[in-house]
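This report covers selected local features of one protein chain.

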Amino acid sequence: MQNRLALVIVVDGLRASALGTYGNTAFPTSQLDELASRSLVVEWLIAESPAIEDFYREACPTASDTSVRRWLVTDDPAVVPLIRDRFDEVVQVERGQFQSAEELDETHAAGFFAQAVEQLALWQKDAAEHNANGLLWVHFSGLCGAWDAPLQLRSELMDEDDPLPPEFVEPPALLPNIDDPDELLKYRVAYAAQVAVLESCLAGVVEAFEDMAHGGEKLALILGSRGFSLGEHGFVGYDCGTLYSEQLHLPWLVMTQETREPLPRVLGFARPRDIQATLGEWFQPTAKSDSPGVSLISALTGSPTQLRDVALAENRAGEQMIRTPAWLLKQGETIELYSKPDDRWEANDVASLC
């Protein structure tokens, strides 16, 4: 029997609300929605914190399973020391200078994922030579990297009466107290343009992976590693550290060669440790797992998967969040309470009423 392969694509700064399949109606994401239509969609992947190092501490498999050859491809040098010891090979892609592209294929995302596709064959060959399963983990700086989408694409996302599209290419890390609607619109349009670039690249990589000649089974995951604040609670940037959905709620799509028809969404609260558990069962279906996470492999066949009915998060400032199906409670200098699931993005604080 051929060994199994798994492709994991992690996009930094990709929040769940950026995808139409998670409720986005502000701009189209047709290619990502098409992938979601034949995927297992995890409705609520809630991060442990807004910090990327916390995501990787929980999500990334350890190197204990010697039957898997692990490769990491990334353009983010800050990620490498977090997980270097969990991979057999590490391929770092240079970022280059940040500047607006004239065409989509000139963007950094296009160049990065073109190199990722090139690594597919090398990684598969390496796994075959070692008679092992293969894990290719692709971490892309994404929305926390260059915002170099063609300016024309930004213009197309704006109306005639809107201000001129922004020309900046460096994404904001932390901008507090942003409440000017025109300024917020510029950041939101620039973010949307980058998602448009990203989704065409992701669709191409998944297609190349699925078309790759290999007799064994294949698993593909698309995830965010942390969200991105776009002014919903007064902050703009990827490093805000807030405990709201724009930073904690991440997309997670799971697909195999067999998932060509829509599957029931996975409800309940998933955590990053479930990613590790899912990959563990994929590579060793009969082995007893020591992971604290919940595997979603059985859900790929339509079997019910029981996830949590509560999720907790904490940030570096000591603030805490607890999420249940009915409520989101956030506690720091003040206490905030939001009714769920109706208030999907925490717009109405009802703490004073309850």
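Glutamate 102 sits in the loop that runs between strand S4 (89–92) and helix H4 (108–129). The model is predicted. Glutamate 102 has a relative accessible area of 66%, so this residue is exposed, the cut-off being over 50%. Glu102 is part of a negative surface patch.

Valine 310 belongs to the loop between helix H8 (273–283) and strand S13 (311–314). With a relative accessible area of 33%, valine 310 is partly exposed.

**Backbone geometry**

Most residues other than glycine have a negative phi, and most peptide bonds are trans.

Asparagine 131 has a positive phi, near 50 degrees. This residue lies in the loop between H4 and strand S5 (133–140). Glutamate 346 also has a positive phi, near 50 degrees. Its place is the segment after S16.

Glutamate 346 is buried, with a relative accessible area of 2%. That value falls under the 20% cut-off for buried residues.

Lysine 340 and proline 341 are joined in the cis form, with omega about 0 degrees. Proline 341 is in the segment after strand S16 (335–339). Glutamate 346 is in the segment after S16 too.

The table collects the accessibility values.

| Residue | Relative accessible area | Class |
|---|---|---|
| Glutamate 102 | 66% | exposed |
| Valine 310 | 33% | partly exposed |
| Glutamate 346 | 2% | buried |

**A sheet of three strands**

In what order do the three strands of the open sheet lie? The order is S6-S9-S8, and the pairing is antiparallel. Strand S6 (175–176) and strand S8 (229–230) stand at the edges. Each has a single partner strand, so one side of each is left without a neighbour in the sheet.

S6 pairs with strand S9 (residues 235–237) over two bridges, in the antiparallel sense. Which residue of S9 is the bridge partner of leucine 175? The partner is valine 236.

Conventions
Residues are numbered from 1 along each chain as its sequence is written. This is a predicted model: local features need pLDDT of at least 70, side-chain atom pairs count only at pLDDT 80 or more; totals for chains, interfaces and linings use all residues. Side-chain values use heavy atoms; hydrogens and water are left out. Two strands pair if DSSP finds at least two bridges between them. Helices (H or I, at least four residues) and strands (E, at least two) are DSSP runs, numbered from the N terminus. Patches are made of residues with over 30% relative accessible area and no salt bridge: like charges are joined within 9 Å, nonpolar side chains (Val, Leu, Ile, Met, Phe, Trp, Tyr) within 5 Å. Accessible areas come from the Shrake-Rupley method with a 1.4 Å probe; for residues, only the protein chains shown count as cover. A salt bridge is a side-chain nitrogen of Lys or Arg within 4 Å of a carboxyl oxygen of Asp or Glu. Lys and Arg count as positive and Asp and Glu as negative; His and the chain ends are not counted. The place of a charge is taken as NZ of Lys, CZ of Arg, CG of Asp or CD of Glu. Buried means under 20% relative accessible area, exposed over 50%, partly exposed in between (1.4 Å probe, protein chains only).
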